[in-house]
Amino acid sequence: MTEIVTIEHVSTDIVEDADYVVVGSGAGGASAAWRLVEAGCDVAMLEEGPPVGLPDFGTQMFPAMAKMYRDNGMEAAVGRSMISMLQGRVVGGTTVVNSAIAWRVPEPAYERWSFDPAVRASFPLEDLHKHWDVLDEMMCVTPTALPIAGRGNTLPAQGAERLGWKGKVMNRFTRGCLGAGRCQQGCPNLAKQSTALNLIPAAMRKGMRVYATALVERVELDATGRAIGVAGRFRDPTLRRDGPRFRIRANKGVVLAPGCIQLPGLLHASGFRHRLLGEHFQAHPGAGLVPFFTDEVKYWEGATQGWETDHFADEGVKFEVVNVPLEINAARFPGVGRELARNVARMSHAGSWGVLVRMEAEGSVRSRPGRSARVKFTPLEDDMRRLRRALHNFAKIAVEAGAVQVMPGIYGLPPLLERDEIDRILDASLDPRHYTMVATHLFGTARAAASEDAGVCDPQFRPWGTRNLWVTDSSPFPRNLGVNPQFMIQATAMQVAEKILGA
Amino acid sequence: MGAWPPAPAGFRAWPAPVRARVSVLLTAVLPPEELGGTTDPVEDFVGGFAATLPPARRAAIRFGLDLLWLLAPLVLLGRTATFGGLTQDERERLLERIAYSKLYPIRVLGLMLKSFAGLAVIGDPAVRRGLGIDPPTGPLPPLGAHVRWDEDIEGLGR
Ligand SMILES: Cc1cc2nc3c(=O)[nH]c(=O)nc-3n(C[C@H](O)[C@H](O)[C@H](O)COP(=O)(O)OP(=O)(O)OC[C@H]3O[C@@H](n4cnc5c(N)ncnc54)[C@H](O)[C@@H]3O)c2cc1C
Ligand code: SF4
């Protein structure tokens with residue numbers, strides 16, 4: 001197997017050839033690359049972030065943010081309020097720092113997603129299931145086992161059951177998960193099956209070359225719109241040190257999967273123009289709810305995310321246990337100074353739960369390779385109404401599970417609500433500035449559509465007017481999903497790869 | 001072993017007096033000694049934190065923190081002192097006004113301060129031990145070092 005080439009290995013500019021160049025090594029890039037390599041193609045993969053491994057996966061959140069997250073984990077979508085956005089930036093992309101939840105998109109969500117018949121024809125659900133079958137094996141999709149779930153996961157399961165709401169043990173990309181609860185810092189047991197642990201090494205064993213700390217600055221398009229390669233420079237993204245330049249010629253084509261925030265900037269820098277590029281940005285913003293129990297919970301002991309319910313899927317909301325790292329959770333606790341410290345000291349009695357909302361709002365993205373992006377997004381009033389109702393329902397689960405207090409995290413309400421006060425959540429303001437939201441599922445900045453007027457990409461996820469150029473991240477998604485997107489991104493990427501091979 | 005992975009040489013972006021000021025702010029937001037920690041790791045954190053921020057963001061954060069240090073006591077408490085000249089009670093009163101301000105941008109500043117303080121204080125292994133969280137198993141490599149992952153996982157994947 002060849003080694004990953006980083007800025008530390010190169011001292012002069014590089015010019016190389018490949019059949020296909022793949023930009024981005026996360027869910028979309030790695031899945032497409034693996035499929036192309038399996039079919040015997042010569043692939044070069046370029047990744048802006050560094051390779052990381054066991055020694056990087058500590059317990060502390062700050063080193064993880066500095067090294068593995070884009071903009072140190074401090075990206076935000078700004079509109080009426082600020083919504084924090086998280087993306088990984090390492091070999092393996094966001095799959096290295098995500099919670100590994102695997103969702104085969106259910107039929108109603110698929111119907112909504114593929115409202116454009118041309119897109120549906122390109123990505124039939126039966127085909128996606130075939131890819132999911134393959135990925136189930138490759139990525140080791142496994143239900144979270146009870147012994148490693150921890151009380152943080154079992155408590156809400158009990159609460160929901162008492163309410164008669166159907167819950168579900170999460171299926172996750174894990175092989176031997178020990179419930180270390182540190183997925184967002186990188187799995188210390190190498191149990192989480194990020195693409196850096198399976199698809200990328202598997203493709204490397206068959207000859208794929210991987211260049212990391214390699215920032216692609218533009219796709220080279222010839223006068224006819226044909227993609228003929230990529231150009232960029234080696235750059236240490238943590239230390240911001242520039243290295244030699246590279247140019248990789250693509251004899252057969254270029255596959256782009258830099259993530260839907262980066263994609264508009266990369267296409268724009270390559271001379272591609274479309275009035276909808278960067279528009280129609282969608283997300284699943286979420287907010288946290290912290291219940292307090294009389295007994296210890298120690299939510300950090302157990303799978304980072306192990307239980308969920310889509311009982312309210314019709315409303316476009318999903319409840320999840322999400323073991324937010326303690327350092328981050330502390331900011332949500334009430335008070336400052338000694339009062340904050342007293343509240344933080346109760347952390348071991350708290351749970352860490354969240355709701356995700358499939359928001360209908362659309363925003364926009366302006367980005368440039370290697371620079372921080374400008375993202376605009378303001379939730380609609382109905383999005384906020386669903387979020388508020390979801391937080392109230394999750395508080396009901398908490399009470400049924402035995403919580404003595406609930407921290408709703410909504411400005412204008414008391415920071416801590418007693419069990420019999422949770423209905424006050426329903427009176428909270430719908431102003432998004434009153435909530436602390438985070439978005440980790442991002443979609444649609446180069447939406448696919450049947451006509452060039454209506455979308456940036458065609459129904460096969462090729463930017464209109466280009467040739468030999470494909471997009472395999474969530475940018476061409478016609479709509480957001482309502483469930484965790486990694487598996488869908490992977491399956492659509494593999495479907496695109498098959499179309500490339502068939503072309 | 002220090003509290004944080006070592007920063008590579010020449011990697012500190014803020015001079016010592018600025019680091020010290022920011023560390024005073026953060027320890028006022030979340031006093032480490034209340035959780036079994038000390039101030040030194042917070043100052044170390046501030047060095048690494050500032051150095052790894054994108055330059056524009058680093059400048060914006062520094063500007064915001066400078067304003068807070070110099071002007072907030074006068075504007076919010078009517079006191080002609082810097083933040084450093086306030087007692088812990090006064091500091092907490094001021095920070096509370098920021099954290100619960102009616103003005104959203106000010107509240108966001110409060111949330112950011114609490115986030116940075118959380119990272120700095122709860123990231124300290126001594127505090128984590130106090131809270132019953134396992135300490136790190138070994139020292140982390142320097143922030144700028146690249147680790148070979150393909151050797152770690154050879155044989156584990158397919
Ligand atoms: C904390 C967190 C938890 C999550 N948990 C889950 C979960 O449990 N289940 C789930 O389904 N989803 C989850 N997600 C979302 C999921 O991880 C992402 O939707 C998915 O990884 C996106 O895939 P992608 O290929 O579009 O982008 P990414 O996986 O982000 O990969 C894109 C890669 O491209 C690189 N890149 C960008 N620009 C360039 C450039 N110019 N040159 C070279 N390289 C470039 C980036 O550095 C990055 O590594 C989570 C996300 C976060 C942040
Ligand atoms: S819960 Fe722990 S062991 Fe399991 S995948 Fe996440 S980090 Fe790894």
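Student: How many salt bridges does the rule find across the interface of chain B and chain A?

Tutor: In general, one looks for a side-chain nitrogen of Lys or Arg within 4 Å of a carboxyl oxygen of Asp or Glu. In this predicted model, the rule finds 4 salt bridges across the interface of chain B and chain A. One salt bridge joins the side chains of Asp71(A) and Arg57(B), with 3.7 Å from N to O.

Student: Which elements of chain B give two or more residues to the side that touches chain A?

Tutor: They are helix 1 (16-29), helix 2 (40-52), helix 3 (55-77), helix 4 (88-99), helix 5 (104-122), helix 6 (125-130) and helix 7 (149-153) of chain B. The largest share, 10 residues, comes from helix 5 of chain B. Sorted by class, the side of chain B that touches chain A has 39 nonpolar, 11 polar and 15 charged residues.

Student: How many residues of each chain are in contact, and what area do the chains bury between them?

Tutor: Here 65 residues of chain B are in contact with 71 residues of chain A, and the two chains bury about 5800 Å² between them, with 62% of it on carbon and sulfur atoms. There are also 18 residue pairs in polar contact between chain B and chain A, counted where both residues are at pLDDT 80 or more.

Student: Now for the rings: how many aromatic pairs are there over all chains?

Tutor: By this rule the count comes to 23 aromatic pairs over all chains. To classify a pair, one reads the angle between the ring planes, where under 30 degrees counts as stacked, over 60 as edge-to-face and the rest as tilted. The rings of Phe461(A) and Phe477(A) have planes at 40 degrees and centres 6.4 Å apart, so this pair is tilted. Phe461(A) lies in the loop between strand 22 (442-443) and strand 23 (469-471) of chain A, and Phe477(A) in the loop between strand 23 and helix 12 (486-502) of chain A, so the pair ties together parts 16 residues apart in sequence.

Student: Are Phe461(A) and Phe477(A) buried or exposed?

Tutor: Both Phe461(A) and Phe477(A) are buried. In chain B, the rings of Phe49(B) and Phe116(B) have centres 4.7 Å apart and planes at 55 degrees, so that pair is tilted as well. This second pair links distant parts of the chain, with Phe49(B) in helix 2 and Phe116(B) in helix 5 of chain B, 67 residues apart. Phe49(B) is buried, with a relative accessible area of 6%, and Phe116(B) is buried with 7%.

Terms used. Residues are numbered from 1 along each chain as its sequence is written. Chains are lettered from A and ligands numbered from 1 in the order in which they are written. This is a predicted model: local features need pLDDT of at least 70, side-chain atom pairs count only at pLDDT 80 or more; totals for chains, interfaces and linings use all residues. Side-chain values use heavy atoms; hydrogens and water are left out. Contact means heavy atoms within 4.5 Å. Buried area is the accessible area (1.4 Å probe) that two parts lose on being put together, summed over both. A polar contact is a pair of N or O atoms within 3.5 Å; within protein, one must be able to donate a hydrogen and the other to accept it, and residues adjacent in sequence count only if both atoms are side-chain atoms. Helices (H or I, at least four residues) and strands (E, at least two) are DSSP runs, numbered from the N terminus. Ala, Val, Leu, Ile, Met, Phe, Trp, Tyr, Cys and Pro count as nonpolar, Asp, Glu, Lys and Arg as charged, and the others, Gly among them, as polar. Rings of Phe, Tyr and Trp (its six-membered ring) pair if their centres lie within 6.5 Å; planes under 30 degrees apart count as stacked, over 60 as edge-to-face and the rest as tilted. Buried means under 20% relative accessible area, exposed over 50%, partly exposed in between (1.4 Å probe, protein chains only).
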